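Please look at the sequence and the model first, then read the points by topic.

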Amino acid sequence: MDERYDVVVIGGGAAGLSGALTLARARRSVLVVDAGEPRNAPAGHVHNYLGREGTPPAELYAIGRDEVASYGGQILPGRVRAVQREDDGFRVDLDGGDEVRARRLLLATGLTDDLPELPGVVERWGSTVLHCPYCHGWEVRGRAVGIVSTGPMGAYAAGLWRQWTDDVVLFVHTGTEPTAEERERLEARGVRIVRGEVAGLEGGADVRMTDGGLVSRDAVVVATRMVANAELVADLGTTPVPMEAHGAVMGTHLPADPTGRTEVPGVWVAGNAGDLSAQVIVAAAQGLRAGAMINADLIEEDTARAVEAQRSVAA
(Lines give C-alpha, C1' and ligand atoms only; values in the text may rest on other atoms or scores of the structure.)
Protein backbone atom coordinates (compact mmCIF):
# COMPACT_ATOMS: atom_id res chain seq x y z
CA MET A 1 0.00 0.00 0.00
CA ASP A 2 1.36 3.38 -1.02
CA GLU A 3 1.35 6.12 1.58
CA ARG A 4 0.00 8.86 -0.67
CA TYR A 5 -2.80 8.72 -3.24
CA ASP A 6 -4.49 11.14 -5.56
CA VAL A 7 -7.81 9.96 -4.16
CA VAL A 8 -8.95 7.84 -1.24
CA VAL A 9 -12.45 6.45 -1.70
CA ILE A 10 -14.22 5.61 1.54
CA GLY A 11 -16.77 2.90 0.83
CA GLY A 12 -16.68 -0.05 -1.57
CA GLY A 13 -20.28 -0.22 -2.80
CA ALA A 14 -21.59 0.74 -6.22
CA ALA A 15 -20.83 4.46 -5.82
CA GLY A 16 -17.34 4.02 -4.41
CA LEU A 17 -16.22 1.35 -6.87
CA SER A 18 -17.64 3.25 -9.84
CA GLY A 19 -15.81 6.41 -8.77
CA ALA A 20 -12.61 4.46 -8.22
CA LEU A 21 -12.90 2.80 -11.64
CA THR A 22 -13.33 6.17 -13.33
CA LEU A 23 -10.32 7.61 -11.52
CA ALA A 24 -8.12 4.57 -12.11
CA ARG A 25 -8.89 4.71 -15.82
CA ALA A 26 -7.84 8.38 -15.69
CA ARG A 27 -4.44 7.18 -14.44
CA ARG A 28 -5.00 8.43 -10.93
CA SER A 29 -3.64 6.59 -7.91
CA VAL A 30 -6.69 5.39 -6.01
CA LEU A 31 -7.26 3.54 -2.76
CA VAL A 32 -10.70 2.18 -1.86
CA VAL A 33 -11.20 1.46 1.83
CA ASP A 34 -14.09 -0.98 2.11
CA ALA A 35 -15.68 -1.99 5.42
CA GLY A 36 -17.67 -4.66 3.59
CA GLU A 37 -21.06 -3.63 4.98
CA PRO A 38 -23.20 -2.49 2.02
CA ARG A 39 -26.73 -1.32 2.74
CA ASN A 40 -28.23 -3.93 0.42
CA ALA A 41 -26.39 -6.90 1.98
CA PRO A 42 -29.69 -8.44 3.24
CA ALA A 43 -31.14 -8.35 -0.30
CA GLY A 44 -30.85 -11.39 -2.50
CA HIS A 45 -30.52 -9.53 -5.80
CA VAL A 46 -29.92 -6.13 -7.37
CA HIS A 47 -32.78 -4.87 -9.53
CA ASN A 48 -33.25 -2.15 -12.17
CA TYR A 49 -29.53 -2.30 -13.01
CA LEU A 50 -29.42 -2.56 -16.79
CA GLY A 51 -27.23 -5.47 -17.83
CA ARG A 52 -26.92 -6.77 -14.26
CA GLU A 53 -30.60 -7.37 -13.40
CA GLY A 54 -30.94 -9.99 -10.66
CA THR A 55 -27.24 -10.08 -9.77
CA PRO A 56 -26.57 -10.79 -6.07
CA PRO A 57 -25.04 -7.68 -4.43
CA ALA A 58 -21.90 -9.51 -3.28
CA GLU A 59 -21.28 -10.76 -6.82
CA LEU A 60 -21.73 -7.29 -8.31
CA TYR A 61 -19.23 -5.77 -5.88
CA ALA A 62 -16.72 -8.57 -6.42
CA ILE A 63 -16.83 -7.86 -10.16
CA GLY A 64 -16.38 -4.15 -9.44
CA ARG A 65 -13.35 -4.72 -7.22
CA ASP A 66 -11.70 -6.81 -9.93
CA GLU A 67 -12.37 -4.12 -12.51
CA VAL A 68 -10.86 -1.39 -10.32
CA ALA A 69 -7.80 -3.54 -9.62
CA SER A 70 -7.34 -4.26 -13.33
CA TYR A 71 -6.60 -0.56 -13.88
CA GLY A 72 -4.21 -0.25 -10.95
CA GLY A 73 -6.64 0.83 -8.23
CA GLN A 74 -6.10 -0.64 -4.78
CA ILE A 75 -8.77 -2.17 -2.55
CA LEU A 76 -8.20 -2.30 1.18
CA PRO A 77 -10.66 -4.21 3.38
CA GLY A 78 -11.04 -2.25 6.59
CA ARG A 79 -12.46 0.83 8.14
CA VAL A 80 -11.52 4.50 8.18
CA ARG A 81 -11.42 5.80 11.73
CA ALA A 82 -10.86 9.51 11.07
CA VAL A 83 -9.93 12.03 8.39
CA GLN A 84 -8.06 15.25 9.01
CA ARG A 85 -7.18 18.22 6.85
CA GLU A 86 -3.50 18.77 6.03
CA ASP A 87 -1.87 21.57 4.06
CA ASP A 88 -1.79 19.64 0.79
CA GLY A 89 -4.76 17.33 1.28
CA PHE A 90 -6.00 14.90 3.90
CA ARG A 91 -4.70 12.37 6.37
CA VAL A 92 -6.80 9.21 6.54
CA ASP A 93 -6.48 7.12 9.70
CA LEU A 94 -7.18 3.41 9.20
CA ASP A 95 -7.86 0.41 11.40
CA GLY A 96 -4.84 -0.74 13.36
CA GLY A 97 -3.16 2.66 13.46
CA ASP A 98 -2.08 2.88 9.81
CA GLU A 99 -2.53 6.15 7.94
CA VAL A 100 -2.40 7.29 4.33
CA ARG A 101 -2.50 10.68 2.59
CA ALA A 102 -4.92 11.78 -0.11
CA ARG A 103 -5.17 14.88 -2.28
CA ARG A 104 -8.93 14.36 -2.56
CA LEU A 105 -11.61 12.28 -0.81
CA LEU A 106 -14.67 10.55 -2.24
CA LEU A 107 -17.16 9.70 0.46
CA ALA A 108 -19.30 6.71 -0.56
CA THR A 109 -20.25 5.43 2.88
CA GLY A 110 -23.95 4.96 2.19
CA LEU A 111 -26.64 5.19 4.82
CA THR A 112 -28.10 3.27 7.75
CA ASP A 113 -31.75 2.24 7.76
CA ASP A 114 -33.27 3.00 11.17
CA LEU A 115 -36.05 0.41 11.35
CA PRO A 116 -39.30 0.79 13.31
CA GLU A 117 -39.13 -0.78 16.75
CA LEU A 118 -41.56 -3.61 16.15
CA PRO A 119 -40.98 -7.25 17.13
CA GLY A 120 -40.21 -9.33 14.06
CA VAL A 121 -39.10 -6.52 11.76
CA VAL A 122 -35.31 -6.79 12.05
CA GLU A 123 -35.07 -10.53 11.40
CA ARG A 124 -37.35 -10.26 8.33
CA TRP A 125 -35.69 -7.15 6.88
CA GLY A 126 -34.83 -7.63 3.22
CA SER A 127 -36.89 -10.82 2.86
CA THR A 128 -40.55 -10.31 3.80
CA VAL A 129 -40.15 -6.84 5.35
CA LEU A 130 -39.61 -4.38 2.51
CA HIS A 131 -39.45 -0.64 1.89
CA CYS A 132 -39.08 0.07 -1.85
CA PRO A 133 -41.54 -1.14 -4.51
CA TYR A 134 -39.02 -0.56 -7.30
CA CYS A 135 -36.59 -2.86 -5.47
CA HIS A 136 -39.04 -5.58 -4.41
CA GLY A 137 -42.47 -4.90 -5.93
CA TRP A 138 -42.14 -7.40 -8.75
CA GLU A 139 -41.15 -10.15 -6.34
CA VAL A 140 -44.41 -9.75 -4.36
CA ARG A 141 -46.67 -8.94 -7.31
CA GLY A 142 -50.22 -10.17 -6.85
CA ARG A 143 -49.58 -11.21 -3.25
CA ALA A 144 -50.92 -9.99 0.10
CA VAL A 145 -48.99 -6.87 1.16
CA GLY A 146 -49.37 -4.83 4.33
CA ILE A 147 -48.25 -1.24 4.85
CA VAL A 148 -47.38 -0.50 8.49
CA SER A 149 -47.57 3.28 8.85
CA THR A 150 -45.38 5.11 11.34
CA GLY A 151 -45.64 8.62 9.88
CA PRO A 152 -47.47 10.81 7.38
CA MET A 153 -46.66 8.69 4.30
CA GLY A 154 -48.77 5.61 4.96
CA ALA A 155 -51.61 6.43 2.58
CA TYR A 156 -49.15 7.44 -0.14
CA ALA A 157 -47.21 4.17 0.28
CA ALA A 158 -50.41 2.11 0.13
CA GLY A 159 -51.46 3.81 -3.09
CA LEU A 160 -48.02 3.24 -4.58
CA TRP A 161 -47.81 -0.47 -3.73
CA ARG A 162 -51.30 -0.99 -5.12
CA GLN A 163 -49.66 -0.90 -8.58
CA TRP A 164 -48.04 -4.28 -7.88
CA THR A 165 -50.93 -6.05 -6.18
CA ASP A 166 -54.65 -5.63 -5.62
CA ASP A 167 -54.39 -7.04 -2.06
CA VAL A 168 -53.06 -4.14 0.02
CA VAL A 169 -53.88 -3.42 3.65
CA LEU A 170 -52.89 -0.15 5.30
CA PHE A 171 -52.21 -0.56 9.02
CA VAL A 172 -52.52 2.94 10.44
CA HIS A 173 -50.54 1.85 13.54
CA THR A 174 -48.79 5.00 14.89
CA GLY A 175 -48.94 6.88 11.61
CA THR A 176 -51.16 9.72 10.48
CA GLU A 177 -54.85 8.97 10.06
CA PRO A 178 -55.72 9.19 6.34
CA THR A 179 -57.66 12.27 5.34
CA ALA A 180 -61.13 12.01 3.83
CA GLU A 181 -59.65 12.43 0.37
CA GLU A 182 -56.98 9.78 1.02
CA ARG A 183 -59.62 7.36 2.31
CA GLU A 184 -61.72 7.91 -0.80
CA ARG A 185 -58.74 7.29 -3.07
CA LEU A 186 -57.68 4.13 -1.22
CA GLU A 187 -61.20 2.74 -1.06
CA ALA A 188 -61.59 3.33 -4.79
CA ARG A 189 -58.54 1.14 -5.40
CA GLY A 190 -59.68 -1.56 -2.99
CA VAL A 191 -57.11 -0.83 -0.27
CA ARG A 192 -58.37 -1.88 3.17
CA ILE A 193 -57.59 0.31 6.18
CA VAL A 194 -56.97 -1.29 9.58
CA ARG A 195 -56.81 0.99 12.61
CA GLY A 196 -55.18 0.20 15.92
CA GLU A 197 -51.55 -0.45 16.78
CA VAL A 198 -49.50 -3.35 15.53
CA ALA A 199 -47.96 -5.57 18.22
CA GLY A 200 -45.48 -7.30 15.92
CA LEU A 201 -44.94 -9.69 13.03
CA GLU A 202 -45.32 -13.45 13.11
CA GLY A 203 -44.71 -16.29 10.67
CA GLY A 204 -43.69 -15.06 7.23
CA ALA A 205 -45.13 -11.57 7.56
CA ASP A 206 -48.43 -11.93 9.41
CA VAL A 207 -49.42 -8.83 11.38
CA ARG A 208 -50.47 -9.28 15.01
CA MET A 209 -52.53 -6.41 16.40
CA THR A 210 -52.41 -5.28 20.03
CA ASP A 211 -56.07 -6.35 20.39
CA GLY A 212 -55.02 -9.89 19.52
CA GLY A 213 -56.23 -9.93 15.92
CA LEU A 214 -54.03 -11.49 13.25
CA VAL A 215 -53.98 -10.33 9.62
CA SER A 216 -52.31 -12.74 7.22
CA ARG A 217 -49.78 -11.11 4.87
CA ASP A 218 -47.05 -12.34 2.54
CA ALA A 219 -44.97 -9.17 2.87
CA VAL A 220 -44.98 -6.06 5.01
CA VAL A 221 -43.76 -2.61 4.01
CA VAL A 222 -42.24 -0.25 6.57
CA ALA A 223 -40.74 3.21 6.30
CA THR A 224 -37.20 3.51 7.58
CA ARG A 225 -35.43 6.61 8.77
CA MET A 226 -32.45 6.79 6.42
CA VAL A 227 -29.38 8.26 8.12
CA ALA A 228 -26.30 9.17 6.09
CA ASN A 229 -23.07 7.58 7.30
CA ALA A 230 -21.14 10.84 7.29
CA GLU A 231 -19.68 11.14 10.77
CA LEU A 232 -16.15 11.09 9.34
CA VAL A 233 -16.42 14.55 7.82
CA ALA A 234 -17.77 16.29 10.92
CA ASP A 235 -14.25 17.36 11.89
CA LEU A 236 -13.81 18.86 8.41
CA GLY A 237 -16.66 21.29 8.96
CA THR A 238 -19.80 19.71 7.52
CA THR A 239 -22.60 17.53 8.87
CA PRO A 240 -25.65 15.78 7.40
CA VAL A 241 -28.86 17.78 7.05
CA PRO A 242 -32.52 16.66 6.97
CA MET A 243 -33.91 15.48 3.65
CA GLU A 244 -37.63 15.83 2.88
CA ALA A 245 -39.95 14.13 0.42
CA HIS A 246 -43.67 14.83 0.04
CA GLY A 247 -43.45 17.15 3.04
CA ALA A 248 -42.04 14.50 5.39
CA VAL A 249 -38.49 14.16 6.74
CA MET A 250 -37.10 10.91 5.35
CA GLY A 251 -33.73 11.09 7.08
CA THR A 252 -30.41 12.91 6.70
CA HIS A 253 -27.97 13.36 3.83
CA LEU A 254 -24.70 15.13 3.16
CA PRO A 255 -25.40 18.23 1.05
CA ALA A 256 -23.50 18.58 -2.22
CA ASP A 257 -23.81 20.19 -5.65
CA PRO A 258 -25.01 18.14 -8.66
CA THR A 259 -21.48 16.84 -9.27
CA GLY A 260 -21.11 15.54 -5.71
CA ARG A 261 -18.84 18.36 -4.53
CA THR A 262 -19.51 19.08 -0.86
CA GLU A 263 -18.99 22.36 0.96
CA VAL A 264 -15.64 20.99 2.20
CA PRO A 265 -12.94 21.76 -0.39
CA GLY A 266 -11.51 18.53 -1.78
CA VAL A 267 -14.36 16.27 -0.60
CA TRP A 268 -16.98 14.72 -2.88
CA VAL A 269 -19.89 12.45 -2.03
CA ALA A 270 -21.68 9.82 -4.14
CA GLY A 271 -24.44 7.32 -3.47
CA ASN A 272 -26.81 7.14 -0.54
CA ALA A 273 -24.70 9.29 1.78
CA GLY A 274 -25.70 12.23 -0.41
CA ASP A 275 -28.89 10.94 -2.05
CA LEU A 276 -31.19 8.80 0.09
CA SER A 277 -33.30 7.70 -2.86
CA ALA A 278 -30.44 6.54 -5.11
CA GLN A 279 -30.78 2.93 -6.19
CA VAL A 280 -27.69 0.93 -7.10
CA ILE A 281 -27.49 2.01 -10.74
CA VAL A 282 -27.99 5.66 -9.76
CA ALA A 283 -25.30 5.40 -7.07
CA ALA A 284 -22.92 3.95 -9.65
CA ALA A 285 -23.68 6.83 -12.02
CA GLN A 286 -23.05 9.34 -9.25
CA GLY A 287 -19.72 7.66 -8.51
CA LEU A 288 -18.69 7.96 -12.15
CA ARG A 289 -19.66 11.64 -12.26
CA ALA A 290 -17.90 12.43 -8.98
CA GLY A 291 -14.78 10.58 -10.14
CA ALA A 292 -14.70 12.60 -13.37
CA MET A 293 -15.13 15.86 -11.47
CA ILE A 294 -12.39 14.96 -9.01
CA ASN A 295 -10.04 14.19 -11.90
CA ALA A 296 -10.88 17.54 -13.51
CA ASP A 297 -10.20 19.30 -10.22
CA LEU A 298 -6.84 17.56 -9.89
CA ILE A 299 -5.96 18.50 -13.49
CA GLU A 300 -6.52 22.16 -12.60
CA GLU A 301 -4.26 21.81 -9.57
CA ASP A 302 -1.59 19.94 -11.54
CA THR A 303 -1.67 22.57 -14.27
CA ALA A 304 -1.44 25.45 -11.82
CA ARG A 305 1.60 23.84 -10.22
CA ALA A 306 3.22 23.25 -13.62
CA VAL A 307 2.67 26.87 -14.62
CA GLU A 308 4.14 28.07 -11.33
CA ALA A 309 7.18 25.83 -11.79
CA GLN A 310 7.68 27.05 -15.36
CA ARG A 311 7.51 30.65 -14.24
CA SER A 312 10.07 29.98 -11.52
CA VAL A 313 12.48 28.49 -14.05
CA ALA A 314 11.96 31.42 -16.38
CA ALA A 315 12.58 33.90 -13.59
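Glutamate 202 is partly exposed, with a relative accessible area of 31%, where partly exposed lies between buried (under 20% relative accessible area) and exposed (over 50%), using a 1.4 Å probe and protein chains only. Glutamate 202 forms a salt bridge with arginine 208, and their closest N and O atoms are 2.9 Å apart; a salt bridge here is a side-chain nitrogen of Lys or Arg within 4 Å of a carboxyl oxygen of Asp or Glu. Arginine 208 is also partly exposed, at 26% relative accessibility.

The model is predicted: local features need pLDDT of at least 70 and side-chain atom pairs count only at pLDDT 80 or more, while totals for chains, interfaces and linings use all residues. Residues are numbered from 1 along each chain as its sequence is written, and side-chain values use heavy atoms, with hydrogens and water left out.

**Other salt bridges**

- By the salt-bridge rule, the count comes to 24.
- Arginine 261 and aspartate 297 meet through their side chains in a salt bridge of 4.0 Å, N to O.
- That pair links distant parts of the chain, 36 residues apart: arginine 261 lies in the loop between β18 and β19 (267-269), and aspartate 297 in helix α7. Helices (H or I, at least four residues) and strands (E, at least two) are DSSP runs, numbered from the N terminus.
- Arginine 261 is partly exposed, with a relative accessible area of 36%.
- Arg261 and Asp297 belong to one network, joined by salt bridges that share partners, together with Asp6, Arg28, Arg103, Arg104, Glu301, Asp302 and Arg305.
- Arginine 65 forms a salt bridge with aspartate 34, with the closest N and O atoms 3.9 Å apart.
- This pair too links distant parts of the chain: arginine 65 is in helix α2 (residues 57-70) and aspartate 34 is in strand β2 (residues 30-34), 31 residues apart.
- Aspartate 34 is buried at 14% relative accessible area, whereas arginine 65 is partly exposed at 29%.

**Strands and sheets**

- An open sheet of 5 strands has the order β8-β15-β9-β10-β11, with parallel pairing. Two strands pair if DSSP finds at least two bridges between them.
- β8 and β11 (192-194) stand at the edges with a single partner strand each, so one side of each has no neighbour in the sheet.
- Within this sheet, β9 and β15 run parallel and are joined by 4 bridges; valine 145 has alanine 219 in β15 as its bridge partner.
- Strand β18 (residues 248-253) pairs with strand β16 (residues 225-228) in the parallel sense over 2 bridges, and glycine 251 in β18 is the bridge partner of methionine 226.
- β18 also pairs with strand β17 (residues 241-245), in the antiparallel sense over 5 bridges; here glutamate 244 stands opposite valine 249.
- β17 and β18 form a hairpin with 2 residues between them, and histidine 246 in the turn has a positive phi of about 55°.

**Helix α5 and its cover**

- Which residues of helix α5 (residues 154-161) are buried? They are Gly154, Ala155, Ala157, Ala158 and Trp161.
- These residues cover an arc of only 160° around the axis, which puts them on the same side of α5; the arc is that of the directions from the helix axis to the C-beta atoms.
- Their cover includes β8 (129-130), α4 (133-136), β9 (145-148), β10 (168-171), α6 (180-188) and β15 (219-222).

**Leucine 115**

- Leucine 115 is found in the loop between β7 (111-114) and α3 (121-124) and is buried, with a relative accessible area of 17%.
- Leucine 115 and threonine 224 are 109 residues apart in sequence, yet 5.0 Å apart in space, C-alpha to C-alpha.
- Leaving aside residues up to four places away in sequence, leucine 115 touches Val121, Val122, Trp125 and Thr224, where contact means heavy atoms within 4.5 Å.

**Whole chain**

- The chain has 7 helices and 19 strands.
- Its C-alpha trace spans about 85 × 35 × 35 Å along the principal axes.
- Of the 315 residues in the chain, 47% are buried.
- Among contacts between residues at least 6 apart in sequence, 59% join residues at least 24 apart.
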